[in-house]
Amino acid sequence: MSKSIFERLKNGESVAFDDPEYSKIHEAVKETKKLTVLLNQSDDSQEIRRLLSEITGTKIEESTTVFTPFYTNFGKHISIGKNVFINHACSFLDLGGITIEDDVLIASCVNIVSESHPTNTKDRKTLTVGRVHIKRNAWIGANATIMAGLTIGENSIVAAGAVVTKDVPKNTIVGGVPAKIIKSIL
């Protein structure tokens with residue numbers, strides 16, 4: 001039994017643009033866009049959680065707050081824990097998977113990107129993926145970008161404007177472009 005394109009992506013497999021199932025991505029994104037428009041027109045926290053639950057296919061807990069606008073291309077590979085705060089204008093590209101554990105704070109304009117493309121020009125029209133995992137009690141500063149395949153350790157802080165290209169150890173502050181360790185914290 002062969003895996004669907006979404007199962008392959010969630011498992012970290014690359015998919016070429018000419019893959020026979022690639023059009024299913026476009027169909028899924030179109031459906032997610034419809035729900036995202038409704039989500040971003042709402043100012044009711046309960047309705048926002050309900051619509052985001054529909055987008056992700058999992059229940060978004062009452063203790064979680066998401067300010068709109070919020071953007072995602074697929075949504076079904078996003079997992080959001082309890083007591084999470086996501087501020088305005090965040091964008092989550094989740095075909096490779098995004099896991100946000102409990103008690104995480106995400107400031108405005110944060111980009112979490114679980115998708116990329118090869119640097120080799122002949123293979124560029126291939127979607128590569130890597131799960132992003134943000135562990136418990138992390139804080140992601142405004143306008144930070146977290147690239148595919150990375151883990152942000154428990155209690156860590158990603159400074160505003162940072163571009164994270166490597167895993168962040170637990171209890172650490174990182175900042176800069178590319179992000180580097182600034183110091184350890186308790």
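Q: Is phenylalanine 17 buried, exposed or partly exposed, and why?
A: Phenylalanine 17 counts as partly exposed because its relative accessibility is 36%; buried means under 20% relative accessible area, exposed over 50%, and partly exposed in between (1.4 Å probe, protein chains only).

Q: What kind of model is this, and how are residues numbered?
A: This is a predicted model, where local features need pLDDT of at least 70, side-chain atom pairs count only at pLDDT 80 or more, and totals for chains, interfaces and linings use all residues. Numbering runs from 1 along each chain as its sequence is written, and side-chain values use heavy atoms, with hydrogens and water left out.

Q: OK, how many aromatic pairs turn up?
A: Four, from a search of the whole structure. Rings of Phe, Tyr and Trp (its six-membered ring) pair if their centres lie within 6.5 Å; planes under 30 degrees apart count as stacked, over 60 as edge-to-face and the rest as tilted.

Q: Why is the pair of phenylalanine 17 and tyrosine 22 called tilted?
A: Their ring planes sit at 40°, so the pair is tilted, with the centres 5.1 Å apart. Tyrosine 22 counts as buried, at 11% relative accessibility.

Q: And what about phenylalanine 67 and phenylalanine 85?
A: Those two make an edge-to-face pair, with 5.0 Å centre to centre and 85° between the planes. The pair links distant parts of the chain, 18 residues apart: phenylalanine 67 is in the loop between strand S2 (65-66) and strand S3 (70-72), while phenylalanine 85 is in strand S5 (residues 85-86). Strands (E, at least two residues) and helices (H or I, at least four) are DSSP runs, numbered from the N terminus.

Q: Switching topic: where does isoleucine 106 lie?
A: In strand S8 (residues 105-106). Isoleucine 106 is buried, with a relative accessible area of 0%.

Q: Which residues does isoleucine 106 touch?
A: Not counting residues up to four places away in sequence, isoleucine 106 touches Phe85, Ile86, Asn87, Cys90, Phe92, Ile100, Ile112 and Ile140. Contact means heavy atoms within 4.5 Å.

Q: Zooming out, how many helices and strands are there?
A: Three helices and 19 strands.

Q: How much of the chain is buried?
A: Of its 186 residues, 45% count as buried.
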